[in-house]
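Keep the viewer open as you read.

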Amino acid sequence: MKFGIFDHMDLGGFENLSAFYEDRLKLAELYDEMGIHAYHLAEHHATPLGMAPSPNVFLSAMAQRTKRLRFGPLVYCLPLYHPIRLLEEICMLDQMSNGRLEMGIGRGISPIELDYYGIDYEDGPAIYQETFDLIIQGLQNKNLTYKGELYEVKNMPLPLSAVQKPHPPLWYGIANPAAIDWPAKNGLNVITNQTVENTKEIVSNYTKVWVNAGRASADLPHLGMTRYIVIAASKDTALSLGRRAYPIWRKNFMALWDMHNKEPIGVKYPETFDGLLETGQGIAGSPSQVLDEVARQCEESGINYFVSRFAFGNLTFEESRQSIELFAERVMPELSGLG
């Protein structure tokens, strides 16, 4: 079992953005020290849900503040980038981190955000596919020639390259257990925020496709599940923190959807932290209580990668740090043999 972090970098109740970014970088230093495998950062635009609309800018700072921690977007919203510009930035970031970039890819979940960029949501899949194809081709060659419906490049020199060959590890966010064929056939790492039951189905479907392609089940990539985690000396204290912070996170999540009087596409979060606990997507308590619940969910779902959200809503740096340190001291050592 390996461990990761997922972060929307939602604004919460903070007013000083400089201090907000510094706190997140200090948390990254903690993740580095405690042996977290990778930090995964969401990309969102025009919303308090995401204060890292340019993931590469924030991650370049993280590269300088950490030594072992791997990191990357989950995901790059590919329709929002010119593929050549993103290709070059990927190479730079992988070089600046000495090969620690984890490359999440997707089309973007919000038509509202795409519309601000002048992109029709229905055009997203086609733009996504060409952008992805061009970037992967560019990462594997010193000279780029590409012809598609949207992009055409002729004999472009590529003096930049990534450290990791043939390209940084690829990641994909997944919610629908039936939509597993493409990431499984192409060997992508996956992360979901689904219930234990749906996650178990995702893992099972992925493994079947993987094995049917002639690969060994022992060689499966990271199959991850993310959970909101709050740990304190007592369950009452942990619940109090979660109940205070989560509604603020959810308000940020809903900000653009509420502004446009629309419902989110493909995802629904409970209104309260207690609702999150009921679905299993949130876990709060003392170290021993959190350990028991995380172990249960990991074993039942069959995942090999557990991804925590320690910083969300208006949790302070100290409150998040407490959860992180208790997780590292009391939970991780007991779970490392799973998966």
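At what angle do H1 and helix H11 pack, and how far apart are their axes? In this predicted model, the angle between H1 and H11 (residues 317-335) is about 10 degrees, and the axes are 11 Å apart. That makes the two helices roughly parallel, since angles under 35 degrees count that way. On the H1 side, the contact uses Asp23, Lys26, Leu27, Leu30, Tyr31 and Met34. H11 brings Phe317, Ser320, Arg321, Ile324, Glu325, Phe327, Ala328 and Met332 to that contact.

Two of those residues are worth a click. The charged end of Lys26 sits over the ring of Phe317, at 5.9 Å from the ring centre. Elsewhere, Arg107 does likewise with Tyr121, lying over the ring face at 4.1 Å from its centre.

Ser320 is also part of helix H11. With a relative accessible area of 1%, Ser320 is buried. Setting aside residues up to four places away in sequence, Ser320 touches Leu27, Phe310, Ala311 and Leu315.

**H1 and its other partner**

H1 (residues 17-34) also meets helix H2 (residues 55-65): their axes come within 10 Å and cross at roughly 45 degrees. H1 and H2 are therefore oblique to each other, and their crossing is right-handed. From H1, the residues involved are Tyr21, Glu22, Arg24, Leu25, Lys26, Ala28 and Glu29. They meet Phe58, Ala61, Met62 and Arg65 in H2.

**Aromatic pairs**

How many aromatic pairs does the structure hold? There are 22 of them. Two are set side by side here.

| Pair | Centre to centre | Angle between planes | Arrangement |
|---|---|---|---|
| Tyr228 and Tyr269 | 6.5 Å | 90 degrees | edge-to-face |
| Tyr246 and Phe273 | 6.2 Å | 55 degrees | tilted |

The Tyr228 and Tyr269 pair links distant parts of the chain, 41 residues apart. Tyr228 belongs to strand S10 (residues 223-231), while Tyr269 is in the loop between helix H8 (235-259) and helix H9 (273-279). Both of these tyrosines are buried.

Tyr246 lies in helix H8 and Phe273 in helix H9, so their pair ties together parts that are 27 residues apart in sequence. Are Tyr246 and Phe273 buried or exposed? Both are buried.

Step back and these rings join up: ring pairs link Tyr228, Tyr246, Trp249, Phe253, Tyr269, Phe273 and Phe312 into a cluster.

**Asp10**

Where does Asp10 sit? Look in the loop between strand S1 (2-7) and H1. Asp10 is buried because its relative accessible area is 1%, and under 20% counts as buried. Asp10 and Gly50 are 40 residues apart in sequence, yet their C-alpha atoms are 4.8 Å apart in space.

Leaving aside neighbours within four places in sequence, Asp10 is in contact with Phe20, Arg24, Pro48, Leu49, Gly50, Trp249, Asn252, Ala311, Phe312 and Gly313. Some of these names have come up already.

Technical notes: Residues are numbered from 1 along each chain as its sequence is written. This is a predicted model: local features need pLDDT of at least 70, side-chain atom pairs count only at pLDDT 80 or more; totals for chains, interfaces and linings use all residues. Side-chain values use heavy atoms; hydrogens and water are left out. Rings of Phe, Tyr and Trp (its six-membered ring) pair if their centres lie within 6.5 Å; planes under 30 degrees apart count as stacked, over 60 as edge-to-face and the rest as tilted. Helices (H or I, at least four residues) and strands (E, at least two) are DSSP runs, numbered from the N terminus. Buried means under 20% relative accessible area, exposed over 50%, partly exposed in between (1.4 Å probe, protein chains only). A charge sits over a ring if NZ of Lys or CZ of Arg is within 6 Å of the ring centre and within 35 degrees of the ring normal. Axes are lines fitted to C-alpha atoms, for helices over the stretch in contact, and angles run from 0 to 180 degrees between N-to-C directions. Angles under 35 degrees count as roughly parallel, over 145 as roughly antiparallel, 65 to 115 as roughly perpendicular and the rest as oblique. A crossing is left-handed if the near helix is turned anticlockwise from the far one by less than a right angle, and right-handed if clockwise. Contact means heavy atoms within 4.5 Å.
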